[in-house]
Structures are given as C-alpha cells and as structure tokens.
Amino acid sequence: MERSWSWQTVLLWAAAVVLVNVLWLNVAGQSAPNEINAEDQFQTYREVNISPVFGSSSPMPAAFETVFSSTSLDEGNVSYAIKLDNKTTVHAWSGLLSDEATVWTGELDPGTYTIETIVDEGIVVEQQLELKPLAAVQTVGHVVLTALLVLLAWGEQGVRALLARRAASQPTQQKEKAPFKPAGYSQEENPLSWDASDSPWREPLR
C-alpha cells in the first residue's frame, strides 16, 4: 500500500462525502402530510401526536394549511387554534369565510397537539398538517454520515495494508525440480560423460 493517498483517491472520497450529504439533505427535506379535516369528515377537535425522531427532542418544521368554503353561505365566521397538551396555544387565527386560505409555518416540538376549529354551520373545512420529521436530526445526520465515510476510508486503507504485510511475510516457495531430470546424477556430475572402457568398439580380449 502506498503511504500517501493519490489525488484520485482523495477526490473520489471527497465526491462520495458530498454525494451522500446531498442525498441526505434531500431526504431530510421531505415532508409527511397529515390530513386533519376534510369536506366529508369534520370534527371540531382533532388530536395529533408528534413523536420524537431517533429519540431527539428537537422541534421539526411544520406547515398548517386551512381552506374554508361553502355552497350555501356568502359569509361566515371561521377560526382555528393549535394547542400543545390542550393548554399552550402555539398558533391561533380567526377571520371570515371570504378571507383567503391561511397557511401557518413554524416548528413543533414532540408532544400531543389539539387542533380546535370553529366555523358557522354550512361551512366546509379542509385542513392539512405537513411535518418534516427528519429535519429535526438533519445536522446530526450530516455529521454521522461524514464520520462513517471517513472511518470507511481509513478502514479500507488499513485492510489493504494488513493484506500487504501478510503477503510479504509469507515464505517464498522453493523452485520445483525438473520432472525429467535423472535422479542418479548429482549437480556436479555431467550426465553425458562416459568412460572409454564402456565403448562397444573396444579391442577384443586375447
């Protein structure tokens, strides 16, 4: 393993960090709609339970939209209020049917909320609460993901170094002997040498 990282490796890991954080930013920005009241389903009191995300007590961004309409009335009184634990008023609004649709944006802490909506008879109410739960842990998510990528990068280099050390510590294998080398001759002995007395053309005995 090289002791110093190449520029290509550094750029690849930097691109991975940026990509993961961009993806997490998009995921954390996603909203979850919660229908509170509809045209055919209306209740004066609606209860909404907001649970903490991954045990975090941080507030999460919220948007509350209300639309009032009527087919029989030209004007009427309308109002709504968002209360925490049915005690603390987080937001309240009152007006007339002819007013434009109201949208409240803010942050809501984990807890139980009661939405109280009061309208004159004959008025239809549509209400929706949008929450961004992961936005409450967005900063923590960026830190954790970046740290995991850095640890993964160092872990990869460590594994490569360990494999390189193991490969270097293994003994080199001995060279295999030639399979057709005669076993009766030593390395110093020339297998082609022969004795003149072994020649079939030696003189006959007398």
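The model is a predicted one, with local features needing pLDDT of at least 70, side-chain atom pairs counting only at pLDDT 80 or more, and totals for chains, interfaces and linings using all residues. Residues are numbered from 1 along each chain as its sequence is written, and side-chain values use heavy atoms, with hydrogens and water left out.

Thr117 sits in strand 7, residues 111–119 (strands are DSSP runs of E, at least two residues, numbered from the N terminus). Leaving aside residues up to four places away in sequence, Thr117 touches Asn37, Phe42, Thr44, Phe68, Ser79, Tyr80, Val125 and Gln127, where contact means heavy atoms within 4.5 Å. With Gln127 there is also a side-chain to side-chain polar contact at 3.0 Å (a pair of N or O atoms within 3.5 Å; within protein, one must be able to donate a hydrogen and the other to accept it, and residues adjacent in sequence count only if both atoms are side-chain atoms).

Over in the loop between strand 4 (77–84) and strand 5 (88–96) lies Asp85, a non-glycine with a positive phi of about 55°. Asn86 belongs to the loop between strand 4 and strand 5, and has a positive phi of about 60° without being a glycine. Asp85 is partly exposed at 47% relative accessibility, and Asn86 is partly exposed at 48%.

Conventions: Helix = DSSP H or I, 4+ residues; strand = E, 2+ residues; numbered from the N terminus. Buried < 20%, exposed > 50% of the residue type's maximum accessible area, 1.4 Å probe, protein only.
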